[in-house]
Amino acid sequence: MLAARTKGGIAMKKPLLQVEGLKKHFVSQKGFSKRSKQIVKAVDGISFDIQAGETFGLVGESGCGKSTTGRMIMQMLEATEGTVTFDGRRMDTVSGQELKKARKDFQMIFQDPYASLNPRMTVRDIIAEPLIVHRLEEGKGIDQRVYELLDTVGLPKKAAERYPHEFSGGQRQRIGIARALAVKPKLIIADEPVSALDVSIQSQVLNLLKDLQDEFDLTYLFIAHDLSVVDFISDRIAVMYLGNIVEIGERDDVIQNPQHPYTKALLSAVPVPDPRAKRERIVLEGDLPSPSNPPSGCPFHTRCPFAWDRCKNEVPKLQRGKESSQLASCHLLDG
Amino acid sequence: MSNPILSINQMYTSFHVDGETIPAVEGIDLSLYPGEIVGLVGESGSGKSVTSLSVMQLLEGTPGKVTGGDILFENQNLLEMTDREKRKLRGNDISMIFQEPMTSLNPVIKIGKQLVEAIREHQSISKRGAEKHAVYMLDQVGIPRAEEIMKEYPHQLSGGMRQRVMIAMAMSCDPKLLIADEPTTALDVTIQAQILDVMRNMRDEHHTAILFITHDLGVIAEMCDRVAVMYAGRIVEQGTVYEIFENPKHPYTKGLLGSIPKIGSRAERLDSIKGQVPTAEDRPKGCKFANRCPFVYKHCWEEEPPLFDGENRCWLHEQKGESL
Amino acid sequence: MAEANVHMEEQKRVTPFQQFWSSFKKQKVSFAAGAFLLLLFIVAIIGPYIAPYEPNEPDYNQLLSGPSWQHLAGTDDFGRDIFSRILHGARISLAVGLSSVLLGAVVGTVFGVISGYFGKWIDSAIMRVMDVLLAFPGMLLAIGIIAILGPGLVNVVMAVAIFSVPVFARIIRSNTLAIKSTLYVEATQSIGSSHWRTIWKHIFPGTVSTLIVYFTMRIGSAILIAAGLSFLGLGADPSTPEWGAMLSNGRSYLNNAPHVTFFPGLAIFLTVLAFNLLGDGLRDALDPKIRE
């Protein structure tokens with residue numbers, strides 16, 4: 001519903017992924033008798049579309065619900081409410097068998113390249129697993145495809161016989177990427193794929209992800225906390241805060257002309273590698289409120305330097321400002 | 001300029017594992033002057049954290065040992081001090097903050113008590129006085145409701161709050177030198193910005209020298225006066241923050257700067273350094289960067305470059321004034 | 001394509017087994033225990049062929065005679081050669097120990113994996129039954145089972161197996177829980193792997209090292225329990241050269257012919273000790289936390 005209007009107002013073809021009103025509320029029981037229930041609103045009703053071939057960046061600080069969103073789209077976590085439509089099919093209601101088949105089309109790259117590879121399997125077995133699960137190749141064909149994939153991600157053939165612990169973090173992330181590519185997916189959900197890597201390795205992997213996108217017509221949902229990385233790789237960006245999307249739009253609009261005070265604060269807090277850079281920092285007061293006890297009204301009002309009475313009482317809706325083309329949820333845009 | 005408060009001269013640190021000696025830091029020189037923030041930047045495996053542990057003399061109980069050189073704090077050699085003298089120095093004149101504050105705070109003791117004990121260990125002051133000072137310090141690092149926080153346990157605080165408590169504890173004795181090892185790496189950017197502000201204020205108000213260790217070049221650019229770039233156990237380049245960021249001389253520094261995405265640059269691709277950081281065992285013979293360097297030539301493989309002009313280790317700068 | 005400059009030097013490669021072997025070799029005591037057990041296995045196989053006497057051949061001229069060159073470990077009250085009986089008994093004791101623990105381990109592992117992997121009510125149901133089994137002292141449980149099944153070596157195997165089940169079920173369950181929460185299991189499920197595949201390719205291989213260690217350690221106690229049951233007359237027929245039965249047999253002559261109990265006792269002691277030491281060494285060598 002949002003993306004359809006973003007590119008010059010012309011209705012585009014059906015999006016590859018549609019997320020509508022997605023919510024995840026965790027119920028945790030507290031106390032010895034487990035009588036007092038606490039509801040943690042990890043994701044509290046978010047909607048966005050991703051067009052085929054684009055990179056959609058989901059950015060936010062820890063605890064904002066971005067990873068939970070990724071896992072709900074992957075159908076590894078059941079949504080409390082809302083729908084996930086992939087390629088025109090509702091993923092949240094399909095049968096187990098159908099879902100298994102559909103999984104071929106969306107794959108995930110994980111943050112931790114150390115923990116996401118089984119230490120007891122060789123690289124060959126790791127990359128071959130999706131091929132075997134989806135019966136895409138058999139016998140010699142599997143080896144062929146594994147070598148092909150290793151080459152694609154820039155690893156030598158002989159890597160196939162080795163175990164994950166013989167590789168550095170960057171190399172392991174390449175193995176994880178090869179595994180995700182094995183089934184020729186349409187969508188790749190990358191959850192903080194470079195945040196565990198050193199800077200010089202991070203740039204290699206980011207470049208690789210861009211190259212792969214061109215080569216295989218991939219669509220990315222790129223989840224990260226690092227705004228400069230998200231800015232580099234994304235076509236469109238959504239900024240999350242406390243389970244809500246507070247701003248969403250084309251990358252350049254969001255980065256160059258942020259509308260939501262939180263986006264502004266986030267951008268101003270990113271350290272710039274230029275000692276002469278002028279910093280007009282918006283320093284946010286205090287910490288992130290607990291998602292089990294979110295503030296009333298606008299979720300950001302407790303830390304917002306511009307908050308007034310209305311923010312405490314009324315939840316702002318995503319809307320377009322006068323001088324911007326992206327959407328942001330802030331009462332200031334009314335005026 | 002006045003005398004350096006800390007000077008590290010030709011320090012070597014190595015680890016002994018299974019009868020093998022693995023060099024971590026191989027001959028670094030670094031000085032810090034009062035009131036100065038010096039950044040030590042490098043990737044994992046560069047030896048930057050080992051350097052900070054060596055200076056703090058915190059390698060005991062690990063297989064690591066400073067095997068050469070000296071570490072002078074106000075002209076006293078830390079390596080020749082007795083344990084008692086070192087303990088007195090740590091916490092009084094030198095403090096340290098780490099990446100994960102939870103591991104440095106005792107989980108079963110209230111914040112206030114830990115602060116008071118830290119203060120009283122190094123100052124003869126009444127319990128009441130120490131409590132007052134603790135509240136003042138918490139206030140100084142921007143902790144709201146300091147009196148209440150004193151009565152809480154570490155797990156009740158957020159990561160950013162805990163790091164502030166650590167800074168308050170580190171600053172409570174008004175140290176002359178603060179060593180901060182990736183103090184904001186585990187924190188969100190908005191919290192990081194707050195903590196960096198606190199640390200800058202500390203320097204401005206107390207004239208504390210800070211050795212700031214991080215992998216984040218953005219943080220370095222914001223915080224530091226001078227920068228030392230570490231690679232494979234050496235300082236490959238050092239200079240003022242402007243020299244390093246605006247006119248880097250070593251190919252590694254250049255590569256590192258090109259690797260980071262800059263907000264709003266709309267770049268299509270990032271520069272990157274090929275290959276991986278070599279492990280301590282398979283560092284190349286000559287220049288340690290030879291296997292990843294785009295400008296490598298024969299000489300680089302044969303002999304390790306010395307520190308030219310006290311600034312950078314690259315054969316391309318053998319003749320003074322030559323630039324890339 | 002991309003930056004394919006990932007250099008991988010030809011360094012000496014270490015397979016997981018080589019890594020295990022080199023760290024196991026360093027544990028001198030367990031290594032010796034392993035060697036001893038290897039010898040015992042050989043004895044169990046060829047024992048009957050190298051034994052100087054038939055195990056049930058009486059020599060009425062040498063009743064209860066002490067160790068001598070003729071009878072290395074002396075003779076018992078029927079004049080049977082104790083050394084030969086111990087050699088024969090090695091096969092019985094090892095067979096009982098191995099088969100009972102194997103049975104217990106297989107059943108326990110299946111329960112543990114199912115319990116840990118599927119959780120919910122299956123987990124509660126299985127684990128409550130295991131708790132009940134664990135609540136009995138091992139020996140008492142074994143006696144109870146024998147009381148139901150009747151005496152005999154096969155039933156001893158069953159009894160010991162049953163009381164090994166909860167031990168394996170518990171440890172494998174906690175292992176399964178730990179592995180189930182790892183990112184690589186999440187990764188395989190995101191690919192679309194079935195439960196069966198996840199269990200067989202990811203969960204089970206992760207429990208193998210624990211299984212080996214516990215398996216080894218349990219054999220020791222299984223042999224001990226089996227011997228104990230035979231000692232009580234609930235296991236092997238008194239005429240069988242089973243170590244526990246031999247102990248029981250010598251009990252009446254403890255004062256004037258201690259060797260009748262001493263040598264079978266020594267055999268039990270050394271075997272159980274060796275299994276435990278081997279288990280300790282295997283644990284240290286296989287524990288990934290120590291190995292890292």
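What percentage of the 335 residues of chain A count as buried? The share is 52%, where a buried residue has 20 or more other C-beta atoms, placed from the backbone, within 10 Å of its own. The model is predicted: local features need pLDDT of at least 70, side-chain atom pairs count only at pLDDT 80 or more, and totals for chains, interfaces and linings use all residues. Residues are numbered from 1 along each chain as its sequence is written, and chains are lettered from A and ligands numbered from 1 in the order in which they are written.

Chain A contains 11 helices and 12 strands. These are DSSP runs, numbered from the N terminus (helices: H or I, at least four residues; strands: E, at least two). The radius of gyration of chain A, at 21 Å, is close to the 20 Å from the globule rule for 335 residues, so chain A is as compact as a globular protein of that length. The radius is taken over C-alpha atoms, and the rule is 2.2 Å times the number of residues to the power 0.38. Along the principal axes, the C-alpha atoms of chain A fill a box of roughly 70 × 55 × 50 Å. Of the contacts in chain A with a separation of 6 or more, 66% join residues 24 or more positions apart. A contact requires C-beta atoms, placed from the backbone, within 7 Å.

Chain A also meets chain C: 30 residues of chain A contact 22 residues of chain C. Helix H4 (123–133) and helix H7 (199–216) of chain A each give two or more residues to this side. H7(A) gives the most, with four residues.

Between chains B and A, 40 residues of chain B contact 36 residues of chain A. On the chain B side, the elements that give two or more residues include helix H7 (159–171) and helix H8 (189–206) of chain B. H8(B) gives the most, with six residues.

Within chain B, strand E6 (residues 94–97) is covered on both faces. B:Ile94 and B:Met96 are buried on one side, B:Ser95 and B:Ile97 on the other. E6(B) pairs with strand E7 (residues 177–181) of chain B in the parallel sense, over four bridges; pairing needs at least two DSSP bridges. B:Ser95 stands opposite B:Leu178 in E7(B).

The mean pLDDT of chain B is 87, with 97% of its residues at 70 or more. pLDDT is the predictor's confidence in each residue, from 0 to 100. Confidence in chain B is lowest in helix H3 (residues 101–104), at a mean of 66, and highest in strand E3 (residues 37–41), at 95. Over residues 320–324 of chain B the pLDDT is below 50. Where pLDDT is low, predicted coordinates should not be read in detail.

Methods
Contact = placed C-beta atoms within 7 Å. Buried ≥ 20, exposed ≤ 12 C-beta atoms within 10 Å, placed from the backbone.
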